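Please keep the sequence and the model in view while reading.

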Amino acid sequence: MIQALGPESQGSSRSSRANADLAASQDISDPEYLLNPVDRGSKSAPIVVMREISQHVTLGYRRVVSGDPDLVQLQLLDEQSASELIELFIKHQGHTLLVRSHEELRHYGDARQLSAFLHSVCCLIGVVYRDDICGTPLHRQVYEQVRVTLGQAVLCSPLDLDDLNAMFIMSNNANTPSSQGVEYIDSWLLTGYCAKQAMLSIYFTQIVDRLKNGNSTVGDHQAMHLWSTICLHHLQWAATTGRPSTIPKGSHINQCNVLLSFYQATMQDGMLVAEIMLFSVLHEKLLQESYPSDGRECEEFRTWKQRWNHLLALPTSAMLRIGYNAACLILAVRALGKTGDAPGSTSLLSTDSNPVTGNVMNDNSPVSFDHRGINSSDSGGAREETLQLPSDPRSDNTPADILRVNVCNYAKIILETFLEMPSILRDTAPTCTCLCLGYCALVLAHYDVSQSHIPNDVVLRLIMRLDRWVRTSPGKAWSYKYGTLAIRKVETRINSPTSPNLRAETDLTGQTSRVYDDERGASQHCQADSLDHSGTEHANNYRSVDMLASTGHSDGANDTLPPFDLDTMFPSMEGFFGGGFLDFMR
C-alpha cells in the first residue's frame, strides 16, 4: 500500500547515517513501539490467512473505491472550474493534504486518475470559498456525489492512502450546502472509520523494519503522519462528545511515536505527538471519572507538561497550548456535571443576570492564580496558574465556586491564545477548534463577574474579537451565531437593572461602551474590506448578513435576547460537540 504512493528513498547519506546510528546504539534496546509494531501478528491471524487463501481458491475480492467517475467526468464541473476549486483548497486547507504534494494535486488529470475521491473532496472544500457557488444547487450536487463516494469508501477495504486522506478531510471541515449548518457529518463517527481503515491500510511492521534498516521512504513518513493526525482528531472528537475512542489504548496510540524517529521529523510533528499523548491521558481520566473537584490541573497533566515543556515554550506552540487548556476545560466541565452544576438550557439561554448554579463567590475575597493553565501571553511559553483559596476562614467559597472560576479561566485562556495567533494560522482552524471557541464564548457569557472573576469588559472584548474573526475568516461564517448569542447574553446582563452587581457594573458602563464601539467599528471595517475584495477568494460572509436578519437580532447594544424555546434543551458539552449546537441555530 505504501509503495502505491510512488515513494522515493531517502538520500544515501541519510541511510548511512541511520545505519551508523543503529550500530553505535546496538546495545541500547529500542522502545516498545519499534520492537513490537501493533500489526506484527496480524498476518498469521486465522481469518486473514483464510481470506488470503480465498483470493487464490474462490477468487474472493473486496470492492475498491478507485474506478468511480470524478466530478469532471460526471459533468458537474468543467476542468477549469475544478482547477480553480483545487487552488482554493490548497490556499485555505492545503495543510490537510497529507499524502500528496500540492503540485501532484494541481495536475488534475493525474490526481483524478490516482484518486477521484480525493480530487472530488478537495473540490468540495474549495466550493466553500466561492461566493458564486457556495450554497447553490451545484454545491448540493457536488456534496451529494461526494457523500455517495464516502459511503462506498466506508465499506471498501483496505483503502489506499489517497482515499483515506480524503475521508479524513471530510471529517475535518464544515462543507455542507446549507448556510444554516443544520446538516453535518458526525466527525467522531467518521474519524473512527478513518482510524479503523488506517489500521488496515498502513503496514506498521514494514514501516518500522525499513526505518530500523535505514531505508525508510517518504511514503512511510507520510503514512505515519496521516495515522497520527487521524488519531489526534478522533481523540479530540471523542473527548468533546463524551464518547469512547475506537482506537485501542496503549500500543496503537504509542505507535504515533514512530513519527518522531524519521529524519524528516519536525517540531510540528513533535507537537502533534505531544497532543496525542495529552488527549490519551485525558481519555484515561474520563474513563476513570477522575476529575479534580476544584478544577485544578491534575497530576497526570503536570507530568505531561514536564515531558513536553520544551515544545510548549516555543512561540509556535499556540495550538498545543489551546489543546492543553481545552483538555483542562473538559475535565473541569465534567466535574461541574458531577456536582449537578454544569451549565444547562435554562441558565445558558436565560436573560437573568444572576445564574442559579451553586454559591456566588464573595467579591471581597482576593483570588490569585498561579497554576491553573498555560497562558500564551507569557514570553516563557508556559506559565503555571492555580486558583488559591482565600485565606479568610469565614469565606463561604465551596469547591464548586472555585471550579466555576477555573472553568471560566480555561475558556478565557483558550480565546486569548487563539486570538493572539497570526490570522493565517487562525483561518486554518478545523471544525472542532471552532466549536471549542464558540463553547468558550458561551461559557464566559454565562457567568457574571462574581462567579468568573473576569470583568465584563474583558469578556465582551474577547467575544467580540472572536465574532469579528468568524464573520471575516474565509469559510467560518457557519459558526457566527455562537458569538452573536454570547454577545447578547453579556450585553443583557450588563444592562439588566436587576443585576446584583449593578453598582459595580455601572462604573464599567463607559468603558464597556467604548469596547463595544471599538470592536463593532473594527468588525464593520473588516467586513467592508472583505466586500471590497469580493470574488472567489472571499466567501467569508456565507450569507451571514441574511442569516443575522433572520434571527430577529438588531445591532443595538441595548437589545435583549430574543425569546428562546427552553423546551428545546441547550446541549451539554458532549451534546454541543456531537451536533446538538445545531438545534438552536435553526
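Is F168 buried or exposed? F168 is buried, since its relative accessible area is 2%; here buried means under 20% relative accessible area, exposed means over 50%, and partly exposed lies in between, with a 1.4 Å probe and protein chains only. The model is a predicted one, in which local features need pLDDT of at least 70 and side-chain atom pairs count only at pLDDT 80 or more, while totals for chains, interfaces and linings use all residues. Residues are numbered from 1 along each chain as its sequence is written, and side-chain values use heavy atoms, with hydrogens and water left out.

F168 belongs to helix α9, which spans residues 161-171. Helices (H or I, at least four residues) and strands (E, at least two) are DSSP runs, numbered from the N terminus. Apart from neighbours within four places in sequence, F168 is in contact with L98, C194, T229, I230 and H233, where contact means heavy atoms within 4.5 Å. G192 lies 24 residues from F168 along the chain, and the C-alpha atoms of the two are separated by 9.8 Å.

The chain as a whole may now be considered. It has 27 helices and zero strands. Of its 586 residues, 54% count as buried. Among contacts with a separation of 6 or more, 79% are made by residues 24 or more positions apart.

Helix α14 (residues 267-288) and helix α16 (residues 318-339) have axes that come within 10 Å and cross at roughly 5°. This angle makes α14 roughly parallel to α16. Axes are lines fitted to C-alpha atoms, for helices over the stretch in contact, and angles run from 0 to 180 degrees between N-to-C directions. Angles under 35 degrees count as roughly parallel, over 145 as roughly antiparallel, 65 to 115 as roughly perpendicular and the rest as oblique. On the α14 side, M271, A274, E275, L278, F279, L282, K285 and L286 take part in the contact, and they meet M319, L320, G323, Y324, A327, I330, L331 and R334 of α16. By class, this contact of α14 with α16 has twelve nonpolar, one polar and three charged residues. In this classification Ala, Val, Leu, Ile, Met, Phe, Trp, Tyr, Cys and Pro are nonpolar, Asp, Glu, Lys and Arg are charged, and the others, Gly among them, are polar.

How many disulfides does a search of the whole structure find? The search finds zero, a disulfide being a pair of cysteine sulfur atoms within 2.5 Å. The cysteine sulfur closest to that of C231 is in C256, at 3.9 Å, which is too far for a bond. C231 is buried, with a relative accessible area of 0%. For C328 the closest cysteine sulfur is in C298, at 6.7 Å, and this too is too far for a bond. C328 is likewise buried, at a relative accessible area of 4%.

In helix α15 (residues 299-312), E299 and R302 lie three residues apart, about one turn of the helix. They form a salt bridge whose closest N and O atoms are 2.7 Å apart. E299 is partly exposed, with a relative accessible area of 48%, and R302 is partly exposed at 27%.

Helix α18 (residues 399-419) holds D401 and R404, three residues apart, about one turn of the helix. Their side chains meet in a salt bridge at 2.5 Å, N to O, and both D401 and R404 are buried.

In helix α22 (residues 456-472), D467 and R471 are separated by about one helical turn because they are four residues apart. The side chains of D467 and R471 meet in a salt bridge at 3.0 Å, N to O. D467 is buried, with a relative accessible area of 5%, and R471 is buried at 7%. V470 is also found in α22, and V470 counts as buried at 6% relative accessibility. V470 and G438 are 32 residues apart in sequence and 9.8 Å apart in space, C-alpha to C-alpha. Elsewhere, E84, R130 and D132 are linked in a network of salt bridges.

How values were computed
Salt bridge = Lys/Arg side-chain N within 4 Å of Asp/Glu carboxyl O.
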